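Please keep the sequence and the model at hand while reading.

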Amino acid sequence: MQAIAWLQLKQVLGDKKVFFIGLFLAFPILLSSAFTPSRELGESVSAAIFLFLIYPQTTCGLLALLYGSSILCSELDGKTITYLFTRPIPKWKIFVAKILAIIGFLTGPTLASFVVSWVVIGSPGGFRFVFGFALAIAFSIAVCTSIFFLISVFFRKRPMVVGVIYGMVEFALSFIPALISTMTATYFLRSIVACVFNLHLRREEVERLVGAASVPVAVLTLLGITVGAMALGCWLITKREQVIVEAV
């Protein structure tokens, strides 16, 4: 698995998309330089909302979509999946290694971009603020990469289009009160930021607009979504060999 992960990492580092990633992660920093905190909400709360929308919600999702949806498709388009499957490694381990490599590759630069943006807007909230967002960013990348990988297994032809639609629907559902919002990853990502940062909002606002799950519950739920989506995608690839052969 380590060899597959290293091979995947070398592939993404050698891809022209790396330059795009650098420019893409510089854009939130430019936006942060123009950030003006809301007087009504307060500097720290408005900064949390601003940075959450930019990083865990948007930047992480788009990066995960770009790479997560191409994990399988790039192998099919490049006709290299047959070579991978001839290795003496279970097929599911091959794609788990590739997914983990992508998650690791995206998490580091995204966290670095976030820290720079946090400094630019005045370093609000201290260490708790950074820690909460670091958790949210890491889990956002992990969850989204796994989900978009799973989507690419179901929808081979247009996984990115389906991924964009999924992202918009999921974000909208996360604001619906009661049970529906708690069925989305966004709800638990917001809960991490709210709990670690200790946002002082009325309970109704927390439940509807932020998220009321505790940090352990949010972390375990997001971890379950990540592992579940990854496992289902790998299992389907293993069971649908005839489709892969046809695609190649």
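The sections below move from the overall architecture to individual residues.

## Basis of the model

The model is predicted, so to speak of its local features a pLDDT of at least 70 is needed, side-chain atom pairs count only at pLDDT 80 or more, and totals for chains, interfaces and linings use all residues. Residues are numbered from 1 along each chain as its sequence is written, and side-chain values use heavy atoms, with hydrogens and water left out.

## Overall architecture

The chain has twelve helices and zero strands. Helices are DSSP runs of H or I with at least four residues, strands are runs of E with at least two, and both are numbered from the N terminus. Read from the N terminus, the order of elements is α-α-α-α-α-α-α-α-α-α-α-α.

Of the 248 residues in the chain, 46% are buried. Buried denotes under 20% relative accessible area, exposed over 50%, and partly exposed the range in between, with a 1.4 Å probe and protein chains only.

Helix α3 covers residues 43-68, which is 26 residues. The distance from its first C-alpha to its last is 35 Å, close to the 38 Å expected at 1.5 Å a residue; the expected span is 1.5 Å times one less than the number of residues. The helix bends by about 40° at Phe52, and Pro56 follows within four residues. The bend is the angle between axes fitted to the seven residues ending at a residue and the seven starting there. Helix α3 is mostly covered, with 20 of its 26 residues buried.

An α-helix has 3.6 residues a turn, so residues three or four places apart point the same way.

## Aromatic contacts

A search of the whole structure finds eleven aromatic pairs. Rings of Phe, Tyr and Trp (its six-membered ring) pair if their centres lie within 6.5 Å; planes under 30 degrees apart count as stacked, over 60 as edge-to-face and the rest as tilted. One of the pairs is formed by Tyr55 and Phe114, which are edge-to-face at 5.7 Å centre to centre, with 85° between the planes. Tyr55 lies in helix α3 and Phe114 in helix α6 (residues 91-120), so the pair ties together parts that are 59 residues apart in sequence. Tyr55 is buried at 0% relative accessibility, and Phe114 is buried at 1%.

Another pair consists of Phe148 and Tyr166: the ring centres are 6.2 Å apart and the planes stand at 90°, so this pair is edge-to-face. Phe148 in helix α7 (residues 126-154) and Tyr166 in helix α8 are 18 residues apart, and the pair links distant parts of the chain. Phe148 is buried at 5% relative accessibility, whereas Tyr166 is partly exposed at 30%. Elsewhere, Tyr55, Phe114, Phe129 and Phe133 form one aromatic cluster.

Ile21 belongs to helix α2 (residues 17-33) and is buried, with a relative accessibility of 5%. Ile21 and Leu66 are 45 residues apart in sequence, and their C-alpha atoms are 10.0 Å apart.

Arg128 lies in helix α7 and is partly exposed, with a relative accessible area of 45%. Between the C-alpha atoms of Arg128 and Val196, 68 residues apart along the chain, the separation is 6.1 Å.

Val161, Val164, Ile165, Met168, Val169, Leu173, Ile176 and Ile180 make a nonpolar surface patch of about 630 Å². Patches consist of residues with over 30% relative accessible area and no salt bridge; like charges are joined within 9 Å and nonpolar side chains (Val, Leu, Ile, Met, Phe, Trp, Tyr) within 5 Å. A salt bridge is a side-chain nitrogen of Lys or Arg within 4 Å of a carboxyl oxygen of Asp or Glu, and accessible areas come from the Shrake-Rupley method with a 1.4 Å probe. Val169, in helix α8 (residues 159-173), is partly exposed at 43% relative accessible area.

Ser123 is found in the loop between α6 and α7 and is partly exposed at 32% relative accessibility. Although Ser123 is not a glycine, its phi is positive, at about 55°. Most residues other than glycine have a negative phi.
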